[in-house]
Amino acid sequence: MTLEDDPLGPLDPNFAAAFTRDVRRPPCQLYLISPLEVGGDFPDRLARALAAGPVAAFQFRVKDMDQHVAAKLAEPLQRLCAEREVAFIVNDSISLAKRLGADGVHLGQDDGDPREARDVLGPSVQIGVTCHDSRHLAMESGERGADYVAFGSFYPTTTKAVKHQAEPVLLSWWSTVFELPAVAIGGITPDNAAPLIRAGADFIATCGAVWNGDEAAAVRAFSEVLDAG
């Protein structure tokens with residue numbers, strides 16, 4: 001889907017140029033997503049990343065794994081996040097989020113309804129929903145009780161197959177119309193994050209840009225970009 005295919009119709013490409021971030025919104029923050037391999041020395045790597053700069057949230061993202069095994073792998077990572085007051089978010093699985101007592105769950109379009117997640121996980125858990133490049137899906141998610149929406153992919157990425165290409169103007173429109181936070185995701189690095197921050201992203205989500213190299217240096221680089229606004 002492209003913005004032109006959105007049921008709400010195309011967005012004016014000049015919208016972003018005229019956008020000014022509402023000063024009442026908190027500054028954009030960093031949202032880390034785990035690699036698929038979180039065993040071995042990964043807890044040490046996460047500790048280094050969290051010590052290198054401010055991180056708002058960490059998403060535990062593993063695939064096709066027995067829930068008991070996943071829970072064992074999550075334990076030291078969740079403890080590190082708690083020590084640093086970083087929200088621990090479970091990807092895809094409402095049941096695993098409940099088992100772990102996680103701070104939140106992130107749902108893809110095929111991973112369940114936010115209303116179901118709220119019933120299972122309770123009122124205080126953060127529920128995020130992937131909305132690709134669709135304002136329509138994002139508004140539906142908000143109506144169903146999501147605490148944040150995620151748009152992307154904004155840039156090419158090797159973390160997962162890209163089927164939807166989002167444009168920064170989407171963030172500007174969302175930030176202007178809705179208070180619900182928006183996460184920008186997909187191929188984001190310290191070198192290309194600034195336009196998304198200026199466009200109105202509340203969180204910058206990143207995976208490969210941190211874990212494919214020196215995680216501490218990457219978090220420091222992101223911190224510099226976020227501090228610059």
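**Exercise 1: one arginine**

Work out why Arg-220 counts as partly exposed.

Solution. Arg-220 has 43% relative accessibility, so it counts as partly exposed (buried is under 20% relative accessible area, exposed over 50%, partly exposed in between, with a 1.4 Å probe and protein chains only).

A note on the model: it is predicted, with local features needing pLDDT of at least 70 and side-chain atom pairs pLDDT 80 or more, while totals for chains, interfaces and linings use all residues. Residues are numbered from 1 along each chain as its sequence is written, and side-chain values use heavy atoms, leaving out hydrogens and water.

**Exercise 2: two helices**

Describe how H1 and H9 pack.

Solution. Start with the geometry: H1 (residues 42-52) and H9 have axes 8 Å apart, at an angle of about 25° (axes are lines fitted to C-alpha atoms over the stretch in contact, and angles run from 0 to 180 degrees between N-to-C directions). Therefore H1 is roughly parallel to H9 (angles under 35 degrees count as such). Now list who meets whom: Arg-45, Arg-48, Ala-49 and Ala-52 in H1 meet Glu-215, Ala-216, Val-219 and Arg-220 in H9 (contact means heavy atoms within 4.5 Å). Finally, check one distance: Arg-220 and Leu-50 are 170 residues apart in sequence, yet their C-alpha atoms are 10.0 Å apart in space.

Notes
Helices (H or I, at least four residues) and strands (E, at least two) are DSSP runs, numbered from the N terminus. Angles under 35 degrees count as roughly parallel, over 145 as roughly antiparallel, 65 to 115 as roughly perpendicular and the rest as oblique.
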